[in-house]
Number of protein chains: 4
Amino acid sequence: MTVSVTATLLLSCPDRPGLVATVADFVFRNGGNILHADQHIDTSEGVFFQRVEIDLDGFLPRGEIEEAFAPIAERCSMRTAVRFSDEVARIAILVSKQPHCLFDLLGRWQAGELQAEIPLVVSNHLDHADAVRLAGPVYQHLPITADTRAEQERGLLDHLRRHEIDLVVLARYMQVLGAPIIDAYRGQVINIHHSFLPAFTGGDPYRRAHERGVKLIGATAHYATEDLDEGPIIEQDVIRVTHRDTAADMARKGRDLERVVLARALRAHLEHRVLPYGNKTLVFE
Amino acid sequence: MTVSVTATLLLSCPDRPGLVATVADFVFRNGGNILHADQHIDTSEGVFFQRVEIDLDGFLPRGEIEEAFAPIAERCSMRTAVRFSDEVARIAILVSKQPHCLFDLLGRWQAGELQAEIPLVVSNHLDHADAVRLAGPVYQHLPITADTRAEQERGLLDHLRRHEIDLVVLARYMQVLGAPIIDAYRGQVINIHHSFLPAFTGGDPYRRAHERGVKLIGATAHYATEDLDEGPIIEQDVIRVTHRDTAADMARKGRDLERVVLARALRAHLEHRVLPYGNKTLVFE
Amino acid sequence: MTVSVTATLLLSCPDRPGLVATVADFVFRNGGNILHADQHIDTSEGVFFQRVEIDLDGFLPRGEIEEAFAPIAERCSMRTAVRFSDEVARIAILVSKQPHCLFDLLGRWQAGELQAEIPLVVSNHLDHADAVRLAGPVYQHLPITADTRAEQERGLLDHLRRHEIDLVVLARYMQVLGAPIIDAYRGQVINIHHSFLPAFTGGDPYRRAHERGVKLIGATAHYATEDLDEGPIIEQDVIRVTHRDTAADMARKGRDLERVVLARALRAHLEHRVLPYGNKTLVFE
Amino acid sequence: MTVSVTATLLLSCPDRPGLVATVADFVFRNGGNILHADQHIDTSEGVFFQRVEIDLDGFLPRGEIEEAFAPIAERCSMRTAVRFSDEVARIAILVSKQPHCLFDLLGRWQAGELQAEIPLVVSNHLDHADAVRLAGPVYQHLPITADTRAEQERGLLDHLRRHEIDLVVLARYMQVLGAPIIDAYRGQVINIHHSFLPAFTGGDPYRRAHERGVKLIGATAHYATEDLDEGPIIEQDVIRVTHRDTAADMARKGRDLERVVLARALRAHLEHRVLPYGNKTLVFE
């Protein structure tokens, strides 16, 4: 099966009649074929969202799509984005000591699961340098102390730019990212963290979840914002625990969860299926 | 919030360029607004499927939609169906001794979860007559023996017709339905049964699953066909068991599962989100 | 299969060597046979917990067990409880308008799933009187206003006592229980409520979870304490939601979850498998 | 916290009164303290199973436990096994082309999750030699053809013995193991494979599950026997799929599942929590 290249339009605008027909007509008049379209109307806010995937074969040259669509976008007050299925996002993985998400992502990348390159891994520790380099990426060690934080972040931003990074994945990177990087990569930083019912704020959450006798522990992948763990949620899942699970067992089960939740979120992002909206996301299937 | 009435087009045809635009244009030219559209292309078979939900307000009168669409359907070799959100399906629930699915459905109906009427419950036993009648439906007792099977089925079909039943739900009805009823209600009979990994054919499956030491038990809701448990799957789920669970515990957990799996399948059907296709289904969200 | 009557010892004490042997020896010397024993050591606190189920056939008369065990309990500073498998707990279900948990429990009771009687249902509304009475229990209507709260609670406590209630199940009872009832039924009031990742305090949580774009919603069953939703957790579970789920869909999925989570918690309690401890529980399998 | 070394007794015998007391008394008389005990009675077969974990500190020297216990074992017709928490199982991982389970296990091993050594990885392909060797184990390439099967298996058995392997993990090893290895490692070969509801025998199961429109796909970890996929089940789990998932998507989700199911099964085995019994297992928590 030859897989053709596709363009994906991501649209949002105030809802009104005829939007689906307007977009479909635009595609058809320009020789395109819609392979997949999904939309959603937030009825309480009156906002229309659409994701349209178009076979590029026969359609407009990729450089002309946005311009050709501009009159419609303007008329409907649309926010638009155009992405292509052969885009290869350049990912930097940031990691501290715990490597479970890092190696999971590298394994998926090597298995061809991710439409991405991973040219760069950055860590504030040296622990995983050899294994990462064998897998292919540059391993950049950027240690950090209270005194060197600002400087380290400038160095980090330099490395991200030099490697032309599109997307930053915080794979258990135990440092807060400062505003300059969040600004430079708005909507392009994905973080993974544990979640609990009820929530535990502050340090050592597994110990506190253990003390509270919770029966489930969870993980949440989200876009990082200035409020580190409060950005738009992309994916969540939970796993069952019992009184027999020590805090260490909970942490181990949490690691298993973090890997799959982060991987699912990353995959959805790379397939242009995530549409951030306010402080939440639509995730099309 | 006023909820307007919608028409839902369910379409399938050989795939070709422009189908989405053709349908959207048809809707737009006739004054309709697409509230929700979802489609799927089976790339291996080259088949296009679409579910389009249209605001009836401003659109064609409901009686003229199918005729107006006929030229497109013919040109594209489409199979089409048009359904309306204010249709109230008339459901008959068939049940034997175990009432867990019956009472679950009656409870959902009373809670307003189902866009349906339930005028009729048929059972080959008398056990649940009073509770059913208090809830509202007629309780028709149609006992069955090896000698009276054909006659009972004729009686059953009579009752279904007299109550103008659209949809038959086998809520743990432990009798095989004969060809006349399956024929009369093709694609309109939903059954629920247990499922196992690996599968156990024949009698007393919970005992055998217990003997085999399975760690999961499942339930499957599907359209009934002549091969009772082999029809198109609508919904499935599983629950965890351990060596501590006796066969009776497994059966109890299985009952919990059967209720939610049947209810989810029924809801998807009533919302016109299920598109049967060969021996499988598409279930749009 | 004849099922014999069993006694269940529930023990907790400071951990020290020989506890398992001491208990097993006590049972054996008194003609008992241990059918099931499970224990747990909280290594951080140094506390030993045990649940021992003993065939009463051949063992001490049930009235003499606690006295015979007293010297061991004293020597080891044990807290003990003795329960019997043929005890039939008398349950009162308290409910407001939403009946999904109420009818679920009544259905399980009628199906013989619960080792309990349900002589009494109390509601501050009249809605479900007929269906409850047909099922068997007395339906006591105790309306409540801001002015009559104290009086209503005294009436409620009277009814609980008159019906010799052992266990109170808050099946979506949307009123806070006052201290007199919590005190009179300490560790014998089970509540069910929704839970979210992250948590939403205050009103209308499904709307707020919807606004936050959560991908999971949960339910928690717990013992009620003065801090209504902060008591020891017995059971939790979650279900997946998407941006397509309205707040109403989330509430509906939440109802499905609440039913099974409450039923599992109740079952664990009735089988004497829950050992509350501080603000958490051990739930033996 | 100093973690002391423990001995684990795994017992099974015909059920009769006093077994728990007999074992507890044996431990106590010999200076041991029971840290954890779990038992199960198969009431239909009348068989008693127990897992008892004893602090070695103060107990019999480890070499004398089995002999000291022998009179009890004989009197009760017990099958017994004694294992120690500081035993480090020597694992060989067998793999073909797909490395997802292999790298998952190596990652867990490096993270200290497994009480084991992994001195040897054997493959009929060369693909993963470098990454495995960097992680530590010997990578033994043993290609196989129809003509060389018997010879390859002899070579494999040689390597297993030379590396003093205790446990063989088939981490997507796409070859049937012959009787000599199954015999030499009875109950010490763990396999992982996909499972479906309903089951699909024969080749290309993901394609066939896709054609059948299943809504769940599963994975099963089990002990390998001569009937490769029919041995005692240790662990199972499932993941949800939709009509949008291609056969390739199902295979990808299946890989995620296989990793965690295999890892959970391996962990249970290494903690001596699995008690095979007939063609099933008890898995103590």
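How many residues does the contact take from chain A and from chain C? Select both chains of this predicted model and you will find 35 residues from chain A and 35 residues from chain C. Together, chain A and chain C bury about 2,900 Å², with 48% of it on carbon and sulfur atoms. Now highlight Leu197(A), Arg212(A) and His243(A): these supply 24% of the area that chain A buries against chain C, more than any other three residues.

Next, turn to the charged pairs. Between chain A and chain C there are 6 salt bridges. For one to zoom in on, pick Glu235(A) and Arg240(C), whose closest N and O atoms are 3.1 Å apart in a salt bridge. Widening the view to polar contacts, 23 residue pairs link chain A and chain C, both residues being at pLDDT 80 or more.

Colour chain A by element now. Strand 11 of chain A gives the most, with 7 residues. By class, this side of chain A has 13 nonpolar, 10 polar and 12 charged residues.

To find it, select Lys280(A), Leu282(A), His210(C), Thr242(C) and His243(C), which lie nearest its centre among the 15 lining residues. Strand 2 (33-42) and strand 13 (280-283) of chain A each supply at least two residues of that lining, and strand 13 of chain A gives the most, with 3 residues. Coloured by class, the lining of the largest cavity shows 5 nonpolar, 6 polar and 4 charged residues.

Terms used: Residues numbered from 1 in each chain as written. Chains lettered and ligands numbered in written order. Predicted model: local features only at pLDDT ≥ 70, side-chain atom pairs only at ≥ 80, totals over all residues. Heavy atoms only, no water. 1 Å grid on protein atoms, 1.4 Å probe; cavity = no way out; pocket = protein on both sides within 12 Å on 5 of 7 lines; lining within 4 Å. Helix = DSSP H or I, 4+ residues; strand = E, 2+ residues; numbered from the N terminus. Nonpolar A, V, L, I, M, F, W, Y, C, P; charged D, E, K, R; others polar. Contact = heavy atoms within 4.5 Å. Buried area = accessible area lost by both parts, 1.4 Å probe. Salt bridge = Lys/Arg side-chain N within 4 Å of Asp/Glu carboxyl O. Polar contact = N/O pair within 3.5 Å; in protein donor to acceptor, adjacent residues only side chain to side chain.
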